[in-house]
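User: I would like to learn how to read a structure one feature at a time. Please give me the general idea before each case.

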Amino acid sequence: MHFGADFDALIARFSPNSTKPVALAVSGGSDSIALLWLAHKWARHRGRQLLVLTVDHQLRAASASEAMDVAQLVETLGHQHQTLVWRAPNPSQNAARHARYGLMATYLQENGADCLLTGHTFDDVVETAILRRRRGVRSASIAGPSLAAVVPAWPAGRSITLLRPLIHSSRSELRAHLRAQNSGWADDPSNENLKYERVRVRQFLARHPALFQIASNFVMRVQRQRAEAQSQLALEILKVSVHGDGLMDTGPAQLSSQLLTLLARCASGTSDDPRGGAVAQLLETVNAPGMRQTLGGAWFQKTATGYLVGRDPGSSLAAKSDLFDGRFERALEVELPMNGAMSFLVRQSAPPDPHWREIISERLEHLALCYQTPLLTPVQR
């Protein structure tokens with residue numbers, strides 16, 4: 001049995017400090033239980049601590065007992081476990097996903113972990129590709145979940161990397177491994193509920209293995225293409241300069257919809273991207289130096305070489321303890337330029353006093369690091 005990627009290389013890249021715990025999201029299903037066992041064997045060999053999180057969405061009567069079963073297994077293996085309860089349950093799978101990552105990211109920030117492993121498999125990747133294709137997606141995002149990504153919850157997920165080491169492994173392979181060592185798992189009834197499109201796609205593929213193979217070959221090809229494109233995008237991200245007041249300058253970077261989408265997300269201080277097609281339109285219409293447009297919580301101004309990107313001054317601003325608007329952290333030793341010394345594009349969205357440090361550059365570097373992560377080769381365990 002093997003991990004779907006070189007586990008040592010992944011952890012060394014995103015969590016090199018061996019004193020920090022490596023976090024896992026374990027629901028009790030077969031994929032996450034297989035991840036737990038594999039990570040346990042690796043951690044025992046490497047001397048790393050595991051921090052296992054289970055989110056109780058409170059959407060099923062059995063969810064609490066399933067979380068307790070996971071906790072007992074984790075404690076038997078000698079690791080730390082925490083159940084996080086969603087206090088505002090919503091049957092929407094998208095709402096549950098956002099809540100799940102928000103809860104876990106907040107807990108990991110408080111407990112010093114800088115990466116979160118999930119049990120996404122190659123089956124999940126193929127299903128996602130088909131779902132997106134059915135909705136008309138033709139971009140590289142059709143390749144589905146990637147090996148490494150920034151946790152999709154900002155600023156809760158700041159500096160935390162989401163790792164999916166099993167995305168090259170099949171669910172049947174993982175279940176065979178669990179059966180071989182007499183390890184059980186919990187089956188979520190929602191995985192058989194035909195009201196969910198993903199379940200319908202999964203069952204269709206199970207009935208048509210030849211189509212699954214065709215889809216698999218397509219996904220692997222698109223994944224390789226995306227990896228190449230993201231590696232180039234990472235180089236362009238690193239060419240963007242960030243001023244102390246939070247203003248971004250694309251400078252010599254090669255402009256693209258993907259790059260400007262990321263900059264809009266960072267300027268807004270959120271995890272949200274502008275609506276589809278709007279960034280491509282901006283590239284076409286805001287094309288003369290001095291022209292400006294707000295989009296997705298950001299404010300773009302064309303320059304002779306690219307764009308200046310700041311915060312949309314009409315969006316709400318908020319200071320939460322040591323963070324301001326998802327763009328600055330409290331730093332008493334810093335003296336930001338204020339008022340007239342600031343660029344017009346960020347003056348109206350500045351922190352209330354000068355003692356703040358921008359964290360946009362840190363966010364861009366983290367994105368680039370994820371995009372430069374190669375498709376690591378599986379290794380035997």
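User: Which residue in S11 is the bridge partner of methionine 248?

Analyst: Strands of a sheet pair through backbone hydrogen bonds, either parallel or antiparallel. Here, methionine 248 has valine 309 of S11 as its bridge partner. Strand S8 (residues 248–249) and S11 run antiparallel and are joined by two bridges. Helices (H or I, at least four residues) and strands (E, at least two) are DSSP runs, numbered from the N terminus, and two strands pair if DSSP finds at least two bridges between them. This is a predicted model, in which local features need pLDDT of at least 70 and side-chain atom pairs count only at pLDDT 80 or more, while totals for chains, interfaces and linings use all residues. Residues are numbered from 1 along each chain as its sequence is written, and side-chain values use heavy atoms, with hydrogens and water left out.

User: How many bridges join S10 to S11?

Analyst: Five bridges join strand S10 (residues 298–302) to S11, and these strands also run antiparallel. Within this pair, tryptophan 299 stands opposite glycine 310 of S11.

User: Is S11 (residues 307–311) buried or exposed?

Analyst: Burial is read from relative accessible area: buried is under 20%, exposed is over 50%, and partly exposed lies in between (1.4 Å probe, protein chains only). Five of the five residues of S11 (residues 307–311) are buried, so S11 is largely enclosed by the rest of the structure.

User: Which residues of S2 point one way, and which the other?

Analyst: In a regular strand the side chains alternate between the two faces of the sheet. In S2, Leu50, Val52, Thr54 and Asp56 point one way, Leu51, Leu53 and Val55 point the other way, and all are buried. Because seven of the seven residues of S2 (residues 50–56) are buried, S2 is largely enclosed by the rest of the structure.

User: In what sense does S1 pair with S2?

Analyst: Strand S1 (residues 22–25) pairs with S2 in the parallel sense, over four bridges. Valine 22 has leucine 50 of S2 as its bridge partner, and alanine 25 stands opposite leucine 53 of S2. S1 is covered on both faces: Val22 and Leu24 on one side, Ala23 and Ala25 on the other, are all buried.

User: Where is proline 21 found?

Analyst: Proline 21 lies in the loop between helix H1 (7–14) and S1. The relative accessible area of proline 21 is 8%, so proline 21 is buried. Contact means heavy atoms within 4.5 Å. Leaving out residues up to four places away in sequence, proline 21 touches Gln49, Leu51, Asn111, Gly112 and Ala113.

User: What does serine 63 touch?

Analyst: Serine 63 is in helix H3 (residues 63–77) and is buried, with a relative accessible area of 13%. Not counting residues up to four places away in sequence, serine 63 touches Asp56 and Gln58.

User: Why does glycine 290 count as partly exposed?

Analyst: Glycine 290 counts as partly exposed because its relative accessibility is 46%. Glycine 290 sits in the loop between helix H10 (278–285) and strand S9 (292–295). Residues up to four places away in sequence aside, glycine 290 touches Gln301 and Lys302. Its C-alpha atom is 8.7 Å from that of alanine 304, 14 residues apart along the chain.

User: At what angle do H2 and H6 pack?

Analyst: Axes are lines fitted to C-alpha atoms, for helices over the stretch in contact, and angles run from 0 to 180 degrees between N-to-C directions. Helix H2 (residues 30–46) and helix H6 (residues 171–180) pack at about 60 degrees, their axes 9 Å apart. H2 and H6 are therefore oblique to each other; under 35 degrees counts as roughly parallel, over 145 as roughly antiparallel, 65 to 115 as roughly perpendicular and the rest as oblique.

User: Which residues in H2 and H6 meet?

Analyst: Ser30, Asp31, Ile33, Ala34, Trp37, Leu38 and Lys41 of H2 meet Arg171, Leu174, Arg175, His177 and Leu178 of H6. The contact of H2 with H6 has six nonpolar, two polar and four charged residues. Ala, Val, Leu, Ile, Met, Phe, Trp, Tyr, Cys and Pro count as nonpolar, Asp, Glu, Lys and Arg as charged, and the others, Gly among them, as polar.

User: In what order do the strands of the open sheet stand?

Analyst: The order is S12-S13-S14-S15, four strands with antiparallel pairing. Strand S12 (319–320) and strand S15 (356–358) are the edge strands, each pairing on one side only. Two bridges link strand S13 (residues 323–324) and strand S14 (residues 328–330) in the antiparallel sense, with leucine 323 opposite glutamate 329 of S14.
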